[in-house]
Amino acid sequence: VADSIPAQLRSSFKQAFSKKKTKSQSAHDEMEEMSDSMPSSPKLQHDNRQGSIATLRSSPSTTELCECTEAEAEIILQLKNELREKELKLTDIRLEALSSAHHLDQIREAMNRMQNEIETLKAENDRLKSSGNATPTATPVKTARPPSEASSTSSSSSRQSLGLSLNNLNITDTMMSDILLDDSYEGNLRKESRSVRIVVSISSGPKTTKGPQSQEYLIGSIGVSGKTKWDVLDGVIRRLFKEYVFRVDPGASLGLSSDSIVGYRMGEVIRCHASEVPELLPCGYLVGDNNIIKVNLKGVRENSIDSLVFDTLIPKSIIQRYLNLLMEHRRIILSGPSGTGKSFLAAKLTEYIISQMGQEVTEHNVARFNVDQTSSKDLRQYLSNLAERCNSKRTDAELPTVVILDNLHHIGSLSDIFNGFLNCKYHKCPYVIGTMSQGVSSSPNLELHHNFRWVLCTNHTEPVKGFLGRFLRRKLIETEINKNMRSNDLIKIIDWIPKTWQHLNNFLEAHSSSDVTIGPRLFLSCPMDVEGSRVWFTDLWNYSLVPYLLEAVREGLQLYGKRAVWEDPSKWVNDTYPWNAASLQQEGQSLLQLRPEDVGYDGYSSSKEGTSSKQVSQSDTEGDPLMNMLLRLQEAANYSSTQSCDSDSTSHHDDQLDSSLESAL
């Protein structure tokens with residue numbers, strides 16, 4: 001009876017809808033299929049039987065049953081479509097799971113193969129040790145050949161596994177200590193690793209009889225064992241360089257990245273991106289005292305300035321702008337206070353320009369003229385002769401490629417000096433780079449008639465503003481690598497010195513002008529130890545900084561009058577003293593103070609300019625570039641007018657300021 005009920009239900013449905021010739025017929029067919037494919041569980045069969053009996057007993061009209069069945073058929077169609085979509089998704093998930101399981105099996109096979117190779121190499125190493133008493137220095141070289149053979153026959157999957165293991169290395173925490181690059185986990189292999197120093201080599205300076213000069217910067221120390229692979233070493237060096245530039249310049253990493261590396265040299269092997277894997281493992285080339293890896297950065301050959309950026313610690317975008325000005329206009333003047341690195345920057349730009357032209361820095365292609373108060377006539381004559389040689393039809397006339405003119409502020413009239421360049425053929429004229437400590441009134445005339453472009457090197461703008469911090473952090477990193485330790489006290493001191501420098505310059509700008517601010521050169525000689533840096537700063541403060549501050553503020557009061565409320569900078573130094581409290585009590589009395597009566601502060605009345613500048617807070621002016629420009633223009637106008645009235649006394653005082661700063665250096 002139970003088996004006959006579904007058949008009776010189907011026959012009743014057919015009789016009820018035999019007169020309907022609409023689209024509902026397909027729904028009935030699907031319903032029949034659903035009824036055929038119903039689960040055969042007893043509970044469902046029992047429910048179906050009860051539903052069929054209830055339907056037969058109720059015997060509704062044909063129209064009502066048709067409407068009810070059409071609605072149910074639509075619902076069934078919708079549910080069936082959803083079921084198909086879910087089944088498709090489930091099928092995709094199962095396929096992905098099967099693919100992942102297959103990939104996992106491949107990785108396991110690669111790991112088992114590598115483990116077998118490690119066991120084989122370990123047994124071979126034990127056999128060699130037991131067969132003969134080899135020296136410890138020769139053992140890594142002898143055991144280096146079997147790994148090279150194994151690495152040459154290893155599959156690509158094993159290289160992928162090594163690349164995955166490289167991502168787990170935390171170079172940040174261990175960049176100042178030995179980084180052990182051991183692929184195995186055996187303690188005895190860790191003991192056999194060799195410490196290797198990583199340096200960045202930068203070619204600089206004129207070529208000597210021994211070859212081109214190079215400057216090397218230590219960026220880290222790693223441990224290379226007998227199992228270290230080349231791809232692992234490549235990745236660690238790139239990661240180490242990236243972490244180094246980030247620590248030197250936390251803000252922008254100087255615009256450099258791991259892509260700045262061209263390659264590195266390890267013994268007799270030069271490893272580049274496109275080079276083949278050497279025959280031996282890295283440990284096979286660490287013979288004797290050779291424990292240095294020299295990293296080369298992109299330079300002139302690669303049409304890049306990355307090596308110049310790393311050498312000068314100037315952000316990439318800024319030094320690129322300087323080079324564009326020099327290449328386009330061929331004449332620039334670096335203007336700024338003393339000690340801001342103008343001569344250093346001029347020399348580095350010269351080296352890059354000459355290298356870009358395929359030449360070497362020699363005495364013939366670089367002419368340097370150090371200007372003083374008695375050499376203006378000699379400079380005028382030299383530039384006139386240079387213009388005549390440029391206009392000469394002789395092709396064998398030897399002309400310098402770059403002319404560097406230092407200390408142009410000693411010249412009274414720059415326009416008269418450069419008049420000889422008016423008739424100089426532009427395409428033959430050498431590059432001219434000038435330096436001067438302050439702007440002069442003839443700067444617009446030079447720019448209009450002689451095509452000079454001015455580059456301001458001020459202490460409150462980049463690249464000078466952040467140079468001191470970057471330079472000291474570079475020294476700190478090198479000290480930490482050499483001593484294999486990290487001092488939080490020294491890190492605090494290195495962070496404090498640039499803040500002190502900026503605070504002193506703010507004090508000078510408040511009571512004088514930006515032309516007398518102190519450059520970072522005075523602070524570059526800070527020792528990299530806690531006690532030595534404390535003694536160094538005490539001497540620097542008492543014998544160099546305080547005398548210069550007093551003289552500069554006294555001159556500022558004579559020129560501008562009172563411009564701000566007096567605040568002794570030594571109070572800020574004592575409040576933020578980075579050394580311990582005991583040393584502060586000992587040295588607190590020895591740090592000289594700046595009293596207002598020492599500069600005659602009470603003897604001058606406030607000027608209108610001082611009152612207006614006093615109303616504008618320093619934080620507001622720092623955030624308003626237009627206000628900064630207007631204030632500097634106002635200072636320059638006042639300063640130039642004072643110069644015209646008493647040029648002799650002012651120039652004499654400028655010489656005193658420069659001499660006092662140079663004596664401090």
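This is a predicted model: local features need pLDDT of at least 70, side-chain atom pairs count only at pLDDT 80 or more; totals for chains, interfaces and linings use all residues.
Residues are numbered from 1 along each chain as its sequence is written, and side-chain values use heavy atoms, with hydrogens and water left out.

Back to Asn407. Its phi is positive, about 60°, although Asn407 is not a glycine. Asn407 lies in the loop between strand 9 (402–406) and helix 15 (414–417). Helices here are DSSP runs of H or I with at least four residues, strands are runs of E with at least two, and both are numbered from the N terminus.

Leu313 also has a positive phi of about 60° and is not a glycine. The loop between helix 11 (306–312) and helix 12 (316–329) holds Leu313. Leu313 is buried, at 1% relative accessible area.

Next, the cis peptide bond: it runs from Glu462 to Pro463, with omega near 10°. Pro463 sits in the loop between strand 11 (453–456) and helix 17 (464–483).

Helix 17 also meets helix 10 (residues 230–248): the axes come within 8 Å and cross at roughly 135°. Axes are lines fitted to C-alpha atoms, for helices over the stretch in contact, and angles run from 0 to 180 degrees between N-to-C directions. Helix 10 contributes Tyr244, Arg247 and Val248 to the contact, meaning heavy atoms within 4.5 Å.

How values were computed. Buried means under 20% relative accessible area, exposed over 50%, partly exposed in between (1.4 Å probe, protein chains only).
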